[in-house]
Amino acid sequence: MLQKYRITGMSCSACSATIERAVSKREGVTSVQVNLLANTMICEYDEKLLNDGEIIKTVEDAGYGASVYVPGDAAVQEKEKYTPIKTRLIFSCILLAALMYISMGHMIGLPVPHFLTAHGNPLLFSLVQLVLTLPVIYLNRKFYYSGFRALFKRSPNMDTLVAIGSCASLLYGIVSTAFIVYASVKGNAELAMKYAQNLYFESAATILTLVTVGKYLEDGSKKKTGSAIAKLVDLSPKTAIVIRNGEETEIPTESIVKGDIIKIKPGSAIPVDGRVISGSSSVDESAITGESIPVEKKEGDTVVCACVNLNGSFTMEAEKVGFETTLSQIIELVENASATKAPVSKLADKIAGVFVPVVMGISAVTLIIWLVLGYAPSFAVTCAVSVLVISCPCALGLATPVAITVAVGRCASKGILIKSAQAIENLNSIDTVVLDKTGTVTVGKPNITDAKFYGIDEGEFKKIAYSLEKNSEHPLADAVLRYCGATDAYEASGFESTSGKGISAVINGKRYYAGAWEYANAAGACEKGQSDDMNALVDGGKTVMAFSDGEKIIAILAASDEIKPTSVEAVKNMREMKLDVIMLTGDNEGAAKTVADKAGIEHYIAGLKPEDKYFEIEKLKSSGKKVAMIGDGINDSPALSLADVGLAIGNGTDIAIDCADIVLTGGDLNSAAQAVSFSRKTMLNIKENLFWAFFYNVICIPLAAGVFYPGFGVSLSPMIGSAAMSLSSLFVVTNALRLYKK
């Protein structure tokens, strides 16, 4: 069973790594992925061995909260989380400003009352700072709850580093205050003043406040990364006009049930998926497909939730409501993709899992070394605390998920639905693109382009052809029916269909045949001119259908499938990306060559069966190629599944879409080129984020530990360290947000 959960209490990638380790140890768990950015966990487990309650308890035992994920509750939870942090920040900043004024105001020439200085009254100076610090500690006590709880459960996280760092500064200040009291009682003013100059209350308060500032900014930025999902949710109208018992009633969209008759007015959004039952209009489907050109809708046509009715009005019957609608499925797809992890993030997760304990060890060693070397305890504590607060692995944990979330949302707005983070990474590494022809490179709707008649007039032939093809389910049958138009059909009986060859039926007492040349010709005689006509049409890239009356060929029809307007540009873009483009088709050599030449495709293979496409993909992969397969039909499904990345044309079959890693909802081949381009930009962004996250820690930890102090006199205070830590996380999130502009 695959289940999704909402996780609370996480603060960094060490938290997500801890939860993953705890849950993965349970017997019956197949896989588990925790997303720090989305606060979710996707777990696959054996229902015979585990249930939701046991999974949730495992997470709670690890020190975090968990509940079964309910779609649509993310925004509410985010708001509940965001308001307290804003309140904490406002009061913390006010108290910190007063604290900094008293503790350090005299250093920059501010007018501080003499009785509130270390020289004027050391005891009052320290007690006022303590009184101002304690409310800041209380306001931000969540860091202590989370940090020490994780420490006691032997899974320290970012909050642990913050809690220990600020707590160490607070305790150092309290001990110093105790010595000030002792010195004051003994009348030793010089000793009291000495301790008053090294209180570090401001460090404790500053660490918590600056980390809260970073969290506030980070949360605000992370909300922007999910804005694409929020925009998708907002696309669905809140109310709809439903006709029940002959009366029009405006009801909430969620109250619509299958079978309801809905009135769609000009300018209004379509509330659910359904079918037009009366009226006609132009509909803007750009929200779903990414295509800006309006689509004409008439009786019998399907309409999709969130698309906008432009000028006309119509009534529709609801067929898919609630979570069944196309929009709901897209939202779920985007959320699930954002919750998955790219393989590149595994390294960061492994490092984050051991990073916090290592940092705590480095901090302890730093404290001991400076004390052993004879440096002042205040300096040793400063270095140890600085190491703790500057090393929080927030940036490391955010490096991948923020970029993935932005990328998935950005692509969704362009009609490119990515099912997993792994698909983005795999698409980045492909070097070969394999294309299906019909419905992918071409429109997939062939039209009759040529007609040759032998001993029969066109009107009579159209009646016979219509009578034959109206019972056929072959794709070319629609082309023949459109060619015949509105005509009086004959009564046909004895219909027979031979798969892959053709059809026959008895009309006016005579059996007629239609289909492949060999099939129709076998039933009658062929004249020299007829075979020449057939060969000329085949050489021109046309698909030829022959018709006979059982004795002779009476007509030849040639059909051609037009290339999609964007296919030429798409192939050009792919080749500019240094991708090898190959077309595979079951059509004949002539038709394949014509399409390949027009689209600019150098390599193609024609006459393939569905299993042959699978084997061609297998050959390419075995030769070391990284292959992306783009198709739309049931016959493409095996190849889509085998390819490193499968891209399904959204107007194709459900089976093809299910087998694919990426769905191009608009049916535009150029969307595939855009997907490849965006995957490359996303992976570059992720690598930039990981580089700066690692680089930051590599540079800052030695600096915070005081390594450069003996030779250069350079050290780092905890206040600067906490500010740098917050800024590193903000940098990573901001860098990921640049993908919105790509």
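Predicted model: local features only at pLDDT ≥ 70, side-chain atom pairs only at ≥ 80, totals over all residues.
## Accessibility and the model

A residue is called exposed when its relative accessible area is over 50%, buried when that area is under 20%, and partly exposed in between.

Most residues other than glycine have a negative phi. Asn508 sits in the loop that joins strand E17 (502-507) to strand E18 (510-515), and because its relative accessible area is 57%, Asn508 counts as exposed.

Ala306 likewise has a positive phi, near 85 degrees, in a residue other than glycine, and Ala306 also belongs to a loop, the one between strand E10 (302-303) and strand E11 (308-309). Its relative accessible area is 3%, so Ala306 is buried.

## Cysteines

A disulfide is a covalent bond between the sulfur atoms of two cysteines. The structure holds 0 disulfides. Cys307, for example, takes part in none, and the nearest cysteine sulfur to its own, that of Cys305, is 8.0 Å away, whereas a disulfide would require the two sulfur atoms to be within 2.5 Å.

Cys307 is classed as buried because its relative accessibility is 1%. Cys383, for which the relative accessibility is 1%, is therefore buried as well.

## An open antiparallel sheet

Four strands make up an open sheet with antiparallel pairing, and their order across the sheet is E2-E3-E1-E4. Strand E2 (29-35) and strand E4 (65-68) stand at the edges, where each has a single partner strand, so that one side of each is left without a neighbour in the sheet. From one strand to the next, the twist averages 25 degrees.

The pairing of strand E1 (residues 2-8) with E4 is antiparallel and runs over 4 bridges. Within these strands, Arg6 stands opposite Ser67 in E4.

## A nonpolar surface patch

On the surface, Phe691, Trp692, Phe695, Val698, Ile699 and Phe731 form a nonpolar patch, and together these residues have about 590 Å² of accessible area. Helix H26 (residues 670-705) supplies the largest share of the patch, 5 residues.

Ile699 is one of the patch residues and lies in helix H26. With a relative accessibility of 43%, Ile699 counts as partly exposed, because this value falls between the limits of 20% and 50%.

How values were computed
Residues numbered from 1 in each chain as written. Heavy atoms only, no water. Patch = residues over 30% accessible without salt bridge, like charges linked within 9 Å, V, L, I, M, F, W, Y side chains within 5 Å. Areas by Shrake-Rupley, 256 points an atom, 1.4 Å probe, with all protein chains shown as cover. Salt bridge = Lys/Arg side-chain N within 4 Å of Asp/Glu carboxyl O. Helix = DSSP H or I, 4+ residues; strand = E, 2+ residues; numbered from the N terminus. Buried < 20%, exposed > 50% of the residue type's maximum accessible area, 1.4 Å probe, protein only. Pairing = 2+ DSSP bridges. Axes fitted to C-alpha atoms, helices over the stretch in contact; angles between N-to-C directions.
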